[in-house]
Amino acid sequence: MKQLQEVISEERIFNVLSDAAGSSRQEAGRIIDKGRNLQGLSPKEAAVLLTIDEEDLRQLLLQAAREVKEQIYGKRLVIFAPLYLDNICHNSCLYCGFRKENQKIERRRLSMEEIKKEVSALQKEGHKRLLILTGEKRDADLDYLLDGIAAAYQVQTKKGGQTRRINVEVAPMTDKEFESLAEANIGTYTCFQETYHRPTYKRMHPRGRKADFDWRLTVMDRAQRAGIDDVGIGALFGLYDYRYEVVAMLLHAQYLSETYGVGPHTVSVPRLQPAAEAPIRKSPYPISDEDFKKLVAVLRLAIPYTGIILSTREPVSLRNQLFMHGVSQISVGSRTAPGAYQQDEQGCGKRAQFTLHDSRPMSEVVAEVAKANYIPSFCTACYREGRTGEAFMDLAIPGKISNYCKPNAMLTFKEYLTNYADEVTTKAGEACLNHHLREIKSGDKQLAQWIERAFDRMQRGERDIYL
Ligand code: SAM
Ligand code: SF4
């Protein structure tokens, strides 16, 4: 088995990119067709699509990504919120507001009681899936993290408010530390490489534990060995050439799939945003909205069964376009300062990590998503039923997962509407649910009847119904 460092070497990635340069329109068209047929793409084929510049080919690519998204995920969009436990960090990432040299930031580490208050505030908005984040310490601070996860799971608010899945995005750990994390009932473990380009990585991370490129690159090997089979990878777009990062991310995904029998559960596509007191405020390699859409579409075709996550770093109009062309999970109502969900925005501005561009509350996002006939999903069924890692992919790849996903998404959305929605959101939401129920009825009457009966059970007070 090849070492990951060999798989993701600069030489190899530049070779893939230069082989792809100058490919013909016919070749691009053939690759788009292959992607449309859910066959996935090799990193080289993806690199060819990343060179597309002509408007007609761009549109063809976006359309194919839309078809793949709808075929595999249906019209669903999974919703979650980040939960920052602290903003204390011993690293010096040049782009981040939490870097240790930032003297102006108000540092904070939430107590267990404060964590519970944050979770309670998120549950009152209707959140069921959380992503826990922290800064990186000299030692892993694992007990604090594990206690924080346990505290967050304990919270139960009125009307069936509970956290049903906690994903974690924290710094790389040792094998032993990952073994403890694996026992903490987490969903996905995520860590972004930031940039796969070694010289750029070195410049961006001059000091601290994170300065070690290889330690970060091999993080998912340690996570997998420790039994964490749901992992999420990503790159921080804007630090280096986006084509390089996409090819590297796909090589990483391919390596994980070949080595552990399962590729990443998700890929994330954060774009660099200005952060207070960060030496780098502007992207050294800015990526336009058009190219950003293109890269999301290419990822959708290349790894059709892998979730794509988009955060509130992006503005509303772009988010609305991207969820049609490939994105399958979005964060909503996010705040990047510890303690910010129960406090006014002014106070949390002094503790935030970077600037966000979509500050809409949950109800507004949900109404807008529903008006586009997409089902906002709070579903956590697969993870709670043990359909993770290879078991999840065994269902996802033959397309069987959608038998579960759509009904489950509808049930969680109905639960949201019943518990939390205002009049406007309820109206949009019910119209969306009726539309999808009619669609199911035309193909599978039995399933439609089961969903209707589940809706009735919910009206009578039952919660958390899923397949
Ligand atoms: N501190 C841990 C780490 O770096 O792995 C946990 C994740 S950190 C809280 C979350 C992510 O925020 C980082 O991996 C980085 O990609 C992203 N980030 C940091 N500064 C950013 C900025 N200025 N704009 C956009 N994303 C940023
Ligand atoms: Fe710390 Fe993570 Fe920010 Fe780097 S990106 S300074 S490791 S919080």
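Here are some exercises on this predicted model, each with a worked solution.

Residues are numbered from 1 along each chain as its sequence is written, and chains are lettered from A and ligands numbered from 1 in the order in which they are written. Local features need pLDDT of at least 70, side-chain atom pairs count only at pLDDT 80 or more, totals for chains, interfaces and linings use all residues, and side-chain values use heavy atoms, with hydrogens and water left out.

**Exercise 1. Find the domains and say how many residues each gives to the contact between them.**

Step 1: Start with the bounds, which come from an automatic or database domain assignment. Domain 1 covers 69-386 + 389-394, and domain 2 covers 399-459.

Step 2: Take the centres over C-alpha atoms; 28 Å separate domain 1 from domain 2.

Step 3: Turn to the contact (heavy atoms within 4.5 Å). Domain 1 gives 29 residues to the contact and domain 2 gives 20 residues.

**Exercise 2. Decide how well helix α4 is covered, and by what.**

Step 1: Helices (H or I, at least four residues) and strands (E, at least two) are DSSP runs, numbered from the N terminus. Helix α4 spans residues 43-50.

Step 2: Apply the burial cut-offs: buried is under 20% relative accessible area, exposed over 50%, partly exposed in between, with a 1.4 Å probe and protein chains only. In α4, 7 of the 8 residues are buried, so the helix is mostly covered. Among the buried ones are Pro-43, Glu-45 and Leu-49.

Step 3: Look for the partners. The buried residues of α4 pack against α2 (10-20), α3 (25-36), α5 (55-73), α12 and α13 (289-302).

**Exercise 3. Describe the largest nonpolar core.**

Step 1: A nonpolar core is a set of buried Ala, Val, Leu, Ile, Met, Phe, Trp, Tyr and Cys residues joined through side-chain atoms within 4.5 Å. The largest one here has 127 residues. Those with the most contacts inside this core are Leu-49, Leu-145, Ile-149, Tyr-189, Leu-295 and Leu-299.

Step 2: Helix α12 (residues 242-260) supplies the largest share of this core, 10 residues. Domain 1 and domain 2 each contribute at least three residues to this core.

Step 3: A separate second core holds 20 residues, including Cys-89 and Ile-280.

**Exercise 4. Is Val-119 buried or exposed, and what does Val-119 touch?**

Step 1: Val-119 sits in helix α6 (residues 112-125).

Step 2: Val-119 counts as buried because its relative accessibility is 0%.

Step 3: Leaving out residues up to four places away in sequence, Val-119 touches Leu-83, Leu-130, Ala-152, Val-155 and Thr-163.

Step 4: Val-119 and Gln-342 are 223 residues apart along the chain, yet 9.3 Å separates their C-alpha atoms.

**Exercise 5. Describe the largest cavity and its lining.**

Step 1: On a 1 Å grid over the protein atoms alone, a cavity is a set of points where a 1.4 Å probe fits but cannot get out, and lining residues have an atom within 4 Å of a point. The structure holds 6 cavities of 30 Å³ or more.

Step 2: The largest cavity has about 820 Å³ of space. Of its 48 lining residues, Leu-133, Glu-169, Phe-192, Arg-313 and Gln-353 lie nearest the centre.

Step 3: Strand β1 gives the largest share of this lining, 3 residues.

Conventions
1 Å grid on protein atoms, 1.4 Å probe; cavity = no way out; pocket = protein on both sides within 12 Å on 5 of 7 lines; lining within 4 Å. Points joined across faces, edges and corners; volume = space filled by probe spheres on them.
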